[in-house]
Amino acid sequence: MVPEQGDGQGGRPRPGSLSGADLIGLGVAIALALVLPAAIGVGIDALSHSSPVGFLIGLAVGIAAACATAFMQFRRYL
């Protein structure tokens, strides 16, 4: 019988490494942090008829939120 190849630890992930579920969760959190403020900005633009202003403010807030989310998630690995 040929033993299975792996990391030599019974197939367990290394401590401090990201799993697939962690990466998917991070991607969803970043996407929501970026898209929700931009969508709210588009809604504010539609109500106030100030076309790009609300979207740009929402996009800036979303970029800052996405960066903060990524930093907080990766801080334990730095």
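Among contacts (heavy atoms within 4.5 Å) in the protein chain between residues at least 6 apart in sequence, 61% join residues at least 24 apart. The model is predicted: local features need pLDDT of at least 70 and side-chain atom pairs count only at pLDDT 80 or more, while totals for chains, interfaces and linings use all residues. Residues are numbered from 1 along each chain as its sequence is written, and side-chain values use heavy atoms, leaving out hydrogens and water.

The protein chain has two helices and zero strands; helices (H or I, at least four residues) and strands (E, at least two) are DSSP runs, numbered from the N terminus. Helix H1 covers residues 20-48, which is 29 residues. From first C-alpha to last, H1 reaches 42 Å, close to the 42 Å expected at 1.5 Å a residue; the expected span is 1.5 Å times one less than the number of residues. Just after H1, His49 takes a positive phi of about 55°.

Of the 78 residues of the protein chain, 15% count as buried, that is, under 20% relative accessible area, with exposed being over 50% and partly exposed in between (1.4 Å probe, protein chains only). In H1 the buried residues are Leu26, Ala33, Pro37, Ala38, Gly41 and Asp45. These buried residues of H1 pack against helix H2 (51-74).

Thr69 lies in helix H2. Its relative accessible area is 16%, so Thr69 is buried. Beyond its neighbours within four places in sequence, Thr69 is in contact with Leu26, Ala29, Ile30 and Ala33.
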